[in-house]
Amino acid sequence: MNKDALMSFLSSLVVLAVGLLIGFVILLVSNASSAWEAFRTILTFGFRGIRNVGDVLLGATPIIMTGLSVAFAFKTGLFNIGATGQFAFGGLVAILVGHNFEGLPNGLRIILALLAATAAGAAWGAIPGLLKAFRNVHEVISCIMTNYIGMFLVTFLVDRYAFNPAIGRSQALPEGSNLPTLGFQYIFREEFLPGFYRSSQVNVGILIAIFTAILMYIILEKTTFGYELKACGFNKDAAKYAGINQNRSIVASMMIAGGLAGLGGALLYTSGTETMSAANVLLPYGFTGISVAFLGLSNPIGIIFSGTLVSYLFLGGARTQVLGFSIEVVEIVISVIIYFCAFVFLVKTFLGKHIGRLLRRGKSPEQDRADKGGESA
Amino acid sequence: MRNITKEFPGIIANDCVTLQLKKGEIHALLGENGAGKSTLMSVLFGLYRQEAGEIYKNGESVQIQGPNDANRLGIGMVHQHFKLVHNFTVLENIVLGVETTKSGVLQMKEARDKVLSLSKKYAFDIDIDKEVRHISVGMQQRVEILKMLYRDNEILIFDEPTAVLTPQEIEALMQTMRDMAAEGKSILFITHKLDEIKLVADRCSVLRKGKMIGTVDVAATTKEEMSEMMVGRKVILSLDKNEATVGETILQVRNLSRRGNESKSGKAQLSNINFDVKAGEILCIAGIEGNGQTDLVYALTGLSDIDSGTIILNGTDISKAKIRKRTEAGISHIPEDRHRHGLVLDYTLAYNTVLQTYYTPRFQAKGFLKMKTILDYARKLIERFDIRSGQGEVTSTRAMSGGNQQKVILAREIDRDPQLLIAVQPTRGLDVGAIEYIHSQLLAQRDSGKAVLLISLELEEVMNVSDRILVMYEGEFVADVNPKDVTFQELGLYMSGAKRSEVAV
Ligand SMILES: Nc1ncnc2c1ncn2[C@@H]1O[C@H](COP(=O)(O)OP(=O)(O)OP(=O)(O)O)[C@@H](O)[C@H]1O
Ligand SMILES: [Mg+2]
């Protein structure tokens with residue numbers, strides 16, 4: 001391992017440790033008697049049994065997608081805080097497709113649902129993109145607006161076209177409209193009574209997310225399109241000088257970011273685990289995507305891992321509810337851990353400055369200085 | 001500084017360097033691009049931490065962990081690229097970081113008096129209540145100097161201060177440096193211009209490829225000796241230039257006007273500009289900074305729109321064409337501000353060499369970049385233009401020395417073999433060897449029948465390289481002269497607007 005990678009790894013460990021420590025303190029304050037048990041649950045639950053591993057992957061799928069969405073826009077110098085709205089809009093379109101088109105074979109209907117959701121997300125992302133490119137409206141402002149417009153629109157449409165009054169949410173999709181599980185249910189399962197199994201509902205979605213991440217990596221790193229987008233993100237004046245059409249890059253980047261989030265929404269609502277709320281709430285996935293993108297250093301491959309890590313913590317966190325911790329406390333704890341991870345750069349610089357010399361020479365600074373004094377004399 | 005060593009990935013930027021600065025002296029630091037001058041000064045200023053070596057002040061060993069330590073020790077630095085807050089006033093910039101407050105409220109009165117008296121003492125003639133973004137580069141530098149003086153620094157580091165100044169401003173700066181030295185301040189002065197060293201410096205230390213070659217007494221050493229120390233071989237400081245064989249008109253500009261302007265000083269605009277550039281000639285536009293040269297270049301290259309007039313390249317009207325169209329039509333542009341327009345600093349050296357051509361079939365197939373071709377191409381340019389960096393073609397451009405960054409732009413723009421090469425201050429920040437090479441390249445372009453439009457503030461460059469000179473003053477051409485028939489003095493008069501002559505198209 002080279003020095004830089006070693007430093008990155010070390011600093012990741014440090015921030016994770018500090019984040020966990022403070023998370024633990026919060027648990028202690030909230031309920032000292034079961035704090036340790038809750039802490040252990042957060043840390044280990046995702047690995048307790050193969051079924052939980054499946055659930056980690058299932059939970060990772062949508063937030064990997066929103067993470068990719070935020071990261072993609074970020075590469076072009078845009079902050080896509082609108083992933084939430086694009087996600088919801090994509091999810092809604094997938095649900096609507098899933099409830100209709102009975103004439104189509106299942107496979108085709110699912111593919112249509114995913115494509116339509118991607119297009120819907122892209123359209124939703126295009127709005128802030130166009131406003132930024134041609135009217136110079138800051139994307140954060142217009143993204144926040146499209147988030148709320150999306151939220152109300154989704155509530156309205158769910159209410160109108162796919163409402164199940166019994167649960168106050170969208171009607172569950174017919175079995176044939178859900179993503180295929182590819183036999184994962186026989187792998188990620190646990191035997192709770194002899195001969196009886198409970199399976200994770202992880203499905204092809206996680207593979208689609210991973211594939212998308214790899215595709216995004218290739219687009220950004222290997223193509224002229226990626227070259228242009230990143231040039232705009234790094235230095236827009238130089239991009240202009242090079243004759244790159246910035247307006248086109250901005251719109252394209254926001255559309256792709258929106259498409260990624262929209263597809264994420266589709267992957268969530270076609271996994272047979274989730275229905276759409278008809279109450280006016282902003283979905284958390286888009287915001288979690290910001291942390292995921294940050295943690296993964298906006299690198300598509302890194303995001304696969306950061307998304308999985310965050311999902312792992314959330315799964316364990318949710319489990320602590322059985323110990324009597326309220327979901328709010330759990331979310332605070334997990335947020336603290338995630339936000340500490342955002343300090344990874346700072347810690348890396350710090351380590352580089354103060355410990356780098358030590359590490360290389362394996363001596364204390366005093367010794368170090370003494371030796372050098374000797375050399376120069 | 002004793003036995004300072006500083007390494008970067010792939011390169012030892014300073015290799016056991018020892019430098020001694022005396023009280024009250026002006027000490028020049030000379031070296032080729034990438035020799036490690038800025039790095040050494042950054043170590044002294046606490047921006048980098050040396051891996052080995054000690055720094056002593058007044059005989060005592062000191063630890064400099066950061067700029068704050070440096071400041072406490074009375075060390076100040078004016079960077080190669082200034083570090084000012086653009087929407088703060090001059091005064092606010094000066095006190096930033098060392099404000100006096102009384103129960104949380106800023107006390108500006110004292111600061112104002114101190115700054116005013118300093119400014120008066122050195123005859124800076126600066127309006128301290130103007131926002132920094134509205135003042136010229138020369139003035140910004142004075143702000144940086146005032147910052148150091150305000151903090152009562154005793155050791156002043158200047159990293160290539162003259163690269164961005166006009167000849168008049170350089171003269172004023174030299175005087176300021178002399179005054180400050182006379183007061184007992186010690187000055188470290190990085191420059192590539194031997195004349196300046198001769199003019200103000202007492203001693204000169206020479207770095208070559210990270211190593212200290214030696215320190216000489218300036219008065220007892222010739223310019224030739226110093227440049228020989230710097231490059232390790234004899235350098236010829238004169239350019240041999242044959243007669244131009246002028247061909248057809250390549251660029252024709254008619255009645256070009258522009259009202260709104262991009263230049264910082266705010267006074268210049270373009271009014272009714274007419275000129276031609278012909279194949280096989282180097283036409284130079286001379287003038288004091290801020291007289292519309294920047295606006296003219298922006299108009300020609302398409303970085304900004306024009307209000308009226310026509311620009312014709314090789315018979316095609318490009319007045320309204322997009323930047324890429326103009327590039328493809330054969331315009332190369334070496335921009336004035338290398339960090340703003342010329343480079344994507346976060347891209348590698350190789351990526352920057354294809355900034356204008358990445359989409360052509362040579363470097364791209366079916367939308368995919370041909371990595372190997374790009375890397376090979378970058379290696380070729382590195383070789384040909386002697387671009388020095390830590391890790392060759394994969395070096396992040398941000399980690400390169402200023403002069404070598406400039407060489408990347410030059411290599412890219414010259415190698416595209418344009419019809420018209422627009423070079424704005426192309427040798428800014430380059431060492432003498434590199435300047436010589438660039439000048440010979442400009443001549444080679446000319447001799448192969450290309451048109452070259454050179455925009456330069458340096459009279460020496462203007463006189464040596466060009467075949468024809470147009471002088472610009474307040475957005476107009478005020479003289480059209482042949483460098484052979486004009487003296488430096490005369491040119492200076494034109495540039496300051498004191499003299500005018502008929503300008504025929
Ligand atoms: N932050 C950095 N990271 C990695 N390498 C660096 C960094 N800064 C400088 N270098 C390398 O160290 C060497 C010396 O650079 P430095 O900027 O000190 O040169 P210089 O003498 O100031 O040159 P110039 O005259 O071009 O400004 C160069 O080869 C450069 O590539
Ligand atoms: Mg330098």
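The model is predicted. Chain A has 17 helices and four strands, while chain B has 17 helices and 24 strands. Between the chains, 19 residues of chain A are in contact with 28 residues of chain B.

**Chain A as a whole**

- For 377 residues, a compact globule would have a radius of gyration near 21 Å, and the 23 Å of chain A agrees with this.
- The C-alpha trace of chain A spans about 90 × 65 × 35 Å along its principal axes.
- Of the 377 residues in chain A, 47% count as buried.
- Among contacts in chain A with a separation of 6 or more, 77% join residues 24 or more positions apart.

**Domains of chain A**

- Domain 1 of chain A puts 10 residues into the contact, and domain 2 of chain A puts in 12 residues.
- The side of domain 1 of chain A that touches domain 2 of chain A consists of nine nonpolar residues, one polar residue and no charged residues.

**Where the chains meet**

- The contact involves 19 residues of chain A and 28 residues of chain B.
- On the side of chain A that touches chain B, at least two residues each come from helix 9 (224-234), helix 10 (236-241) and helix 17 (365-376) of chain A.
- Helix 9 of chain A gives the most to this side, with five residues.
- By class, the side of chain A that touches chain B has seven nonpolar, six polar and six charged residues.

**Chain B as a whole**

- A compact globule of 505 residues would have a radius of gyration near 23 Å, and chain B agrees, with 23 Å.
- The C-alpha trace of chain B spans about 70 × 50 × 50 Å along its principal axes.
- Of the 505 residues in chain B, 48% count as buried.
- In chain B, residues 24 or more positions apart account for 69% of the contacts with a separation of 6 or more.
- Chain B is divided into domain 1 (2-231) and domain 2 (247-330 + 456-505).
- The centres of domain 1 of chain B and domain 2 of chain B, taken over C-alpha atoms, are separated by 34 Å.

**Helices of chain B**

- Helix 1 (residues 37-44) of chain B is largely enclosed by the rest of the structure, because eight of its eight residues are buried.
- The buried residues of helix 1 of chain B include Lys37(B), Leu40(B) and Leu44(B).
- Helix 15 (residues 432-447) of chain B has 16 residues, which at 1.5 Å a residue should span 22 Å; its end C-alpha atoms are 22 Å apart, so the two values agree.
- Among the buried residues of helix 15 of chain B are Ile435(B), Ile438(B), His439(B) and Leu442(B).
- An α-helix has 3.6 residues a turn, so residues three or four places apart point the same way.
- Just after helix 15 of chain B, Gly449(B) has a positive phi of about 85°.

**Strands of chain B**

- Strand 1 (residues 2-8) and strand 2 (residues 11-17) of chain B pair in the antiparallel sense over four bridges.
- In this pairing, Lys6(B) stands opposite Asn14(B) of strand 2 of chain B.
- The hairpin of strand 1 and strand 2 of chain B has two residues between the strands, and Gly10(B) takes a positive phi near 85° there.
- Strand 18 and strand 21 (residues 420-424) of chain B pair in the parallel sense over four bridges.
- Ser332(B) has Leu421(B), in strand 21 of chain B, as its bridge partner.
- In strand 18 (residues 331-334) of chain B, Ile331(B) and His333(B) point one way, Ser332(B) and Ile334(B) point the other way, and all are buried.

**One residue: Ile312(B)**

- Ile312(B) lies in strand 16 (residues 308-313) of chain B.
- Ile312(B) counts as partly exposed because it has 16 C-beta neighbours inside 10 Å.
- Leaving aside neighbours within four places in sequence, Ile312(B) is in contact with Gln252(B) and Asp317(B).
- Ile312(B) and Asp276(B) are 36 residues apart along the chain, and their C-alpha atoms are separated by 9.4 Å.

Notes: Residues are numbered from 1 along each chain as its sequence is written. Chains are lettered from A and ligands numbered from 1 in the order in which they are written. This is a predicted model: local features need pLDDT of at least 70, side-chain atom pairs count only at pLDDT 80 or more; totals for chains, interfaces and linings use all residues. Domain bounds come from an automatic or database domain assignment. A residue is buried if 20 or more other C-beta atoms lie within 10 Å of its own, exposed if 12 or fewer, and partly exposed in between; C-beta atoms are placed from the backbone. Two residues are in contact if their C-beta atoms, placed from the backbone, lie within 7 Å. Ala, Val, Leu, Ile, Met, Phe, Trp, Tyr, Cys and Pro count as nonpolar, Asp, Glu, Lys and Arg as charged, and the others, Gly among them, as polar. The radius of gyration is taken over C-alpha atoms; the globule rule is 2.2 Å times the number of residues to the power 0.38. The expected span of a helix is 1.5 Å times one less than its number of residues. Two strands pair if DSSP finds at least two bridges between them.
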